[in-house]
Amino acid sequence: MAWPPTLAELKDDKDIAAEDTTDDAALTRRLDAVVEFVERVRPRFNYTADPASTLPAPSADLVLGSLMLAARLYTRRRSPDGMVMMAELGAGRVPAFDPDIERLLGIGRHAKWVLG
């Protein structure tokens, strides 16, 4: 998997047909934000594929976590208050974080400690 993740990869991950361009702008906006976020909070990767860099290339778990976070942000746009309506079942709470995404990205409680 190459960095940065693409809109096509995000649509494939969410099972959205490639020819369906209905929400491309919203998906792209969230994917771009996630790419910037990941590059900011996980700076110890060679995101530019610079051959002179000694940093490792972004790993597959970082790419997958980024795709999952972008998909989550896309889904949460319909529930800004953290609640989602489920027809006759009523309302359900959407948690503010996803431990799987945090684990893949190495953020939140899964972040490595940094001293100094």
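This is a predicted model: local features need pLDDT of at least 70, side-chain atom pairs count only at pLDDT 80 or more; totals for chains, interfaces and linings use all residues.
A search of the whole structure finds two aromatic pairs, while the largest pocket holds about 350 Å³ of space.

**Backbone geometry**

- Asp15, which lies in the loop between α1 and α2, has a positive phi of about 60 degrees although it is not a glycine.
- Ala49 also has a positive phi of about 60 degrees without being a glycine, and this residue is found in the loop between α2 and α3.
- With a relative accessible area of 62%, Ala49 is exposed.
- The peptide bond that runs from Trp3 to Pro4 is cis, with omega near -5 degrees, and Pro4 belongs to the segment before α1.

- Of the two aromatic pairs found in the whole structure, one is formed by Trp3 and Tyr47, whose rings are tilted, at 5.1 Å centre to centre and with 50 degrees between the planes.
- Because Trp3 lies in the segment before α1 (7-13) and Tyr47 in the loop between α2 (24-41) and α3, this pair ties together parts that are 44 residues apart in sequence.
- Trp3 is buried, with a relative accessible area of 13%, and Tyr47, at 14% relative accessibility, likewise counts as buried, since the cut-off for this class is under 20%.
- Phe45 and Tyr47 form an aromatic pair that is again tilted, with 6.1 Å from centre to centre and 55 degrees between the planes, and both of these residues are buried.
- Trp3, Phe45 and Tyr47 together make up one aromatic cluster.
- Elsewhere, a charged side chain meets a ring where Arg77 lies over the face of Tyr74, at 3.9 Å from the ring centre.

**The largest pocket**

- The largest pocket, with about 350 Å³ of space, is lined by 17 residues, of which Val41, Arg42, Arg44, Gly106 and Lys112 are the closest to its centre.
- The elements that give two or more residues to this lining are α3 (60-76) and α4 (99-105), and the largest share, three residues, comes from α4.
- Sorted by class, the lining of the largest pocket is made up of nine nonpolar, three polar and five charged residues.

Conventions: Residues are numbered from 1 along each chain as its sequence is written. Side-chain values use heavy atoms; hydrogens and water are left out. On a 1 Å grid over the protein atoms alone, a cavity is a set of points where a 1.4 Å probe fits but cannot get out, and a pocket is an open set with protein on both sides within 12 Å along at least five of seven lines; lining residues have an atom within 4 Å of a point. Grid points are joined across faces, edges and corners, and a volume is the space filled by probe spheres set on the points. Helices (H or I, at least four residues) and strands (E, at least two) are DSSP runs, numbered from the N terminus. Ala, Val, Leu, Ile, Met, Phe, Trp, Tyr, Cys and Pro count as nonpolar, Asp, Glu, Lys and Arg as charged, and the others, Gly among them, as polar. Rings of Phe, Tyr and Trp (its six-membered ring) pair if their centres lie within 6.5 Å; planes under 30 degrees apart count as stacked, over 60 as edge-to-face and the rest as tilted. Buried means under 20% relative accessible area, exposed over 50%, partly exposed in between (1.4 Å probe, protein chains only). A charge sits over a ring if NZ of Lys or CZ of Arg is within 6 Å of the ring centre and within 35 degrees of the ring normal.
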